[in-house]
Amino acid sequence: MRKPAALLLALCIATGLFAGCGMAAPQNGSQSAVAPTLFVDDAARTVEIPHSPSAIVPSGPGAQMVLVTLAPEMLVGLSSKYSGAAAAYLPISGEALAAIPVLGALYNNSDLNIEALMLTGARLIIDLGETKSTTAEDLDGLAATTGIPAVHLNTTFTNMPAVYRTLGNVLNCAEKAEQLAVFCEKTLAAIEEITASGVQKPTFLYLQGEDGLHVIAKGVYHAELMDTLGENLAVLETPTAKGTGNEVDFEQILLWDPEILLLAPDFGIDNASLAGHPLWGQLSAVQNGRVYRAPSLPYNWLGFPAGVNRYLGAWWLMAVFYPETASFNLNEKVREYFELFFSCNLSEQECTALISGAN
């Protein structure tokens, strides 16, 4: 009979398998704070949560991303599986990661395995992201079915410091949460400094898909970071909220003709071949060498899912959009992020490879 995932996870922790990038198991910050019994979440629900919940599951990839940076030792279920390349940077060793069952997601694919979730021994379900009109109903139903309390925090690009602090109080890891919140605040301050300086925002498009004909429209949730730093030309009458973006034709892209092209990792043509391409070679961004493929490990730095990965992507994007204004050392910022969020000490060469390997 298969052992419960919670037991396997406990065995992994006990044998020191939480060792992403060779690091020791993350410590869970201050243990003196006690989570409140009643918690009012961002869906206006009053939820009774356990004191010091030690076993948690995310409702989807965005929540998983945040929780793996804050309390990886508490995770007894995942919403999605990590690739081997991504897992190498996480604060969880391969063996421990393999012992955590993949449960699916409440939203997006809506493939959450309720039966498997109930077998994890989870004491709290955490949902992060946009507050939907059905969020309260969805989480109430999930909690009623599983017997596990579920809380929702509305999560945007700019309120991540508050989200970390709230989770730090709920999960009794306030010290770690404060460190991550401060990094996010410093990132937001750097963005404000650049955008408030009067420098003109460059025009851009974010293209994805094998053929590159899907754009992330201006104003949608997934464009928050990019819209903050640049002028998104993809203004559409009916923008989709899905991370797959809106499909357009090349003639429209040519009409927009942005100064900068941002390419998703799945864009089907390598950067070096674009200049000689009969279509893409017509674009000003290609002719001027201002084409950049988003770094993608352990997550796409520009989002997808849209989460705390964007605080890493913000430093990269500031360097891409404002090379003459950005006065920081990008490698230093990347290394700082990986150490704080993933307990992963990158060498200078590894850091450079993560950045340049995407181009």
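The structure is a predicted model, in which local features need pLDDT of at least 70 and side-chain atom pairs count only at pLDDT 80 or more, while totals for chains, interfaces and linings use all residues. Residues are numbered from 1 along each chain as its sequence is written, and side-chain values use heavy atoms, with hydrogens and water left out.

The protein contains 15 helices and 11 strands; helices (H or I, at least four residues) and strands (E, at least two) are DSSP runs, numbered from the N terminus. Of the 359 residues, 53% are buried, where buried means under 20% relative accessible area, exposed over 50% and partly exposed in between (1.4 Å probe, protein chains only).

Helix 7 (residues 160-171) has 12 residues and spans 16 Å from its first C-alpha to its last, close to the 16 Å expected at 1.5 Å a residue; the expected span is 1.5 Å times one less than the number of residues. Its buried residues include Met 160, Tyr 164 and Leu 167. In the loop between helix 7 and helix 8 lies Asn 172, which has a positive phi of about 60° although it is not a glycine. Asn 172 is buried, with a relative accessible area of 2%.

The axes of helix 7 and helix 8 come within 8 Å and cross at roughly 180°. Axes are lines fitted to C-alpha atoms, for helices over the stretch in contact, and angles run from 0 to 180 degrees between N-to-C directions. The two helices are therefore roughly antiparallel to each other; angles under 35 degrees count as roughly parallel, over 145 as roughly antiparallel, 65 to 115 as roughly perpendicular and the rest as oblique.

Helix 8 (residues 174-195) also packs with helix 14 (residues 330-342), at an angle of about 155° and with the axes 10 Å apart. Helix 8 and helix 14 are therefore roughly antiparallel as well. In their contact (heavy atoms within 4.5 Å), Lys 176, Gln 179, Leu 180, Phe 183 and Cys 184 of helix 8 meet Lys 333, Glu 336, Tyr 337, Leu 340 and Phe 341 of helix 14.

The loop between strand 11 (291-293) and helix 13 (309-321) holds Pro 298, which is joined to Leu 297 by a cis peptide bond with omega of about -5°. Pro 305 is placed in this loop too, and a cis peptide bond with omega of about 5° joins Phe 304 to Pro 305. Phe 304 has a positive phi of about 65°, although it is not a glycine.
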